[in-house]
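Thanks for coming, everyone. I will keep this short. Please look at the model first, and then we will go through it.

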Amino acid sequence: MAKIVINQKWCKACGICYGLCPKGVLDKDDTGKVVVKNPDACIMCRICEEHCPDYCIKIGG
Amino acid sequence: MLKDIEKLLRQDKMPHIWCPGCGNGIVMKAMLEAINSTGIDTKKTVVVSGIGCSSRATGYMNFDTLHTTHGRALAFATGVKLAKPELNVFVVTGDGDGSAIGGNHLIHAARRNIDINVVMFNNNIYGMTGGQYSPLTPHGKFATTAPYGNFDRAFNICDLVKGAGATFIGRGTVFHTKVLTEMIKGAIENKGFSFVEAVSICPISYGRRNKMGTAPQMMEWLKENSVPVKAASKLPPEKVAGKILVGELYKEEAPEFTQKYDELIARFQKGAE
Amino acid sequence: MEKLRKAQLLQGNQACAIAALEAGVRFFGGYPITPSTEIAEHMAAELPKLGGKFIQMEDEIGGMGAVLGAALTGTKAMTATSGPGFSLKQENIGFAAMTEIPCVIVNVQRMGPSTGGPTAPAQGDVMQARWGTHGDHPIIAVSPASVLEAYELTVKAINFSEKLRTPVIILLDETIGHMREKVELPAIETLELYERKRPSTPAEKYLPYETDETGIPEMADFGTGYRWHVTGLNHDETGFPTGKTDVIEKQLMRLLTKVEKYQEEITLYKTYKIEDAEYLFITFGGTVRPAMEAVEILRKEGMKIGLFQLQTIWPFPEEIVQEYCKDKKTIFVPEMNMGQIRGEIKKVVDNKEKLVGINKINGEIITPQEIVSKVKEVANKC
């Protein structure tokens, strides 16, 4: 299972990460910020990490 | 990867000031990735910026950084590079900062082929002042100062710097992050004036006014409207018209300015012996 | 006895350029403009021989920008221009004041406003030198009155900029810049030179705008591992932007007072036949020579008149000027503008009625005869 580290403090709820995640791993909380919904589905493509403008997501620790 | 570049980020200054969904953070990350992967000496690296949203990047990058006056980053950077050619010099600029008020410095730095790597964050708008049209706002698009649509025609900024004499030109987008990183690496490796256009997104001041949707939707738009430059040559013209060409656009060998100057100095020193 | 070099025939602009090189300037960024171009030409020829760098930029603004970039690498850097170019450089001069980058700007004044008279002398940029860039800021300006002074004051200007980390303006004028005369320059080994203070702390403890009692922060050269941030935004001791009003005020007050603090050292002036003087000329730059000649003529006719020459224009030496104005019957202020220096004297003189301007702005220097007739006209009325 991929280790997904989220830094919610820097997240601005833009929605790019869960918008681009091809496997539905990420979702938003009620403020729109990123949360990990389905970690088992992560294929470590790092699309979320590369496209997060706010440096909030690290895949693989 | 983020964990590899964290050391190049001034983490105590984060989170950065950019709006939700702004592409600038992505471009800055591509720069840090490229710098990290080429292994250049980060103590001998200087990043210079002008004024505007993109130019705030210098505050977050852990090098010697210089946040100058509007449009003048390349002039300051020219002084840094010529005075100390052993430094790796980058310029971070925006479409307004770099192609309007700083346009003269851009063409002349390219003409000299001075070894500076320019990354132009192109979000098609003046974001910091709230959404006025820039020389890279496409014709017909809306801005606070183009309430009836933009009459101006936009520059093809990569063609402009090519005409001016740049020796490496590439384009990436905040969707095509790998291409973008590769282009910045190409810029670093080129010993001469290098220019990378980083097509970014500004959901707040450009996207909203032009009904382009949310940040993920603008990302989707970039994906749909970009064509790799290598593929473009094999496609019928109608498939390429109006598209953003991404990848390496131009490369040539030419004498570099500071090297020529150092050769002149060496000539005098030899004469003195 | 003072050690001097063999006499040579030099132009003011040339003397300025020679002084800059001898004081350690190793970078020049500029743009051609009359009547300052000889400085750039001299630099272009000589800098590469000394391992220094010259660049002709695409415009005046770029010239100033390049100078500041070079100065940040630890290089002593200079530019030269005239009125129209001086106008264009103002924003970046403000940047230098705000970020405390040492640099020297030579303004060989010509007639203005606008394109004015490129080869005609004037002294109309006194106020622009002080207030040309926006906001409250420190500035130092010196104004040479001879070819020898062009040399001496250029050395001083470079020292002031390095010591105080502030832009210093050399207000030459077309008269002095283009005048050739015989000079005996001081021997190079007699020059006292100053370099900015480099950090005494390691990089991890470096606060770029922290100061001790000197009021002047230590400056790291770019590329030496200090990784500092330079911004024209309001910033705190760390160099990073701040919106805290108390911190902003503290930093700006330090900027302003750091120059005031050294005013005694910065203030340079000369006096001529002043001991028994009842009347006084106060003047500067290219108007000093004709005023001195006027002193000679008037003294022959029995008038006890002397001359006070301002070499340092900014910060204006209020106390000293006030002292010299005391007990004088009339103070005449000849200048090739409509009273820019006279206005400063007016602020400090005990009786404003005693102050008389002798002004000319038609592109010719003020002649000794013109000065003499104006003095007589006023004195006869008294």
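**A strand pair across two chains**

B:Thr65 stands opposite C:His229 in β10(C). Likewise, B:His67 has C:Thr231 of β10(C) as its bridge partner. β2(B) pairs with β10, residues 229-231 of chain C, in the parallel sense over three bridges. Strands count as paired if DSSP finds at least two bridges between them. Helices (H or I, at least four residues) and strands (E, at least two) are DSSP runs, numbered from the N terminus.

A word on ground rules. This is a predicted model: local features need pLDDT of at least 70, side-chain atom pairs count only at pLDDT 80 or more, and totals for chains, interfaces and linings use all residues. Residues are numbered from 1 along each chain as its sequence is written, while chains are lettered from A and ligands numbered from 1 in the order in which they are written.

Back to β2(B). What runs along it inside chain B? Strand β1, residues 45-49 of chain B, is joined to β2(B) by four bridges, and the two run parallel. B:Val48 is opposite B:Leu66 of β2(B). Which way do the residues of β2(B) point? B:Asp64 and B:Leu66 point one way, B:Thr65 and B:His67 the other way. All of these are buried, meaning that 20 or more other C-beta atoms, placed from the backbone, lie within 10 Å of a residue's own; 12 or fewer is exposed, and in between is partly exposed. In a regular strand the side chains alternate between the two faces of the sheet.

Contact here means C-beta atoms, placed from the backbone, within 7 Å. B:Val48 is also one of the residues that touch the most other members of the largest nonpolar core, along with B:Val80 and B:Val119. That core has 204 residues. A nonpolar core is a set of buried Ala, Val, Leu, Ile, Met, Phe, Trp, Tyr and Cys residues joined through C-beta atoms within 7 Å. Helix α6 of chain C, residues 147-164, gives the most to this core, with nine residues.

Now the interfaces. Classes: Ala, Val, Leu, Ile, Met, Phe, Trp, Tyr, Cys and Pro are nonpolar, Asp, Glu, Lys and Arg are charged, and the others, Gly among them, are polar.

The contact of chain B with chain A takes 19 residues from chain B and 15 residues from chain A. α2(B) gives the most on the chain B side, with four residues. That side divides into eleven nonpolar, six polar and two charged residues. Chains A and C do not touch, and their nearest C-alpha atoms are 19 Å apart.

Last, chain B as a whole. It has twelve helices and eight strands. Of its 273 residues, 54% count as buried. Among contacts in chain B between residues at least 6 apart in sequence, 66% join residues at least 24 apart.

Definitions and conventions
Contact = placed C-beta atoms within 7 Å.
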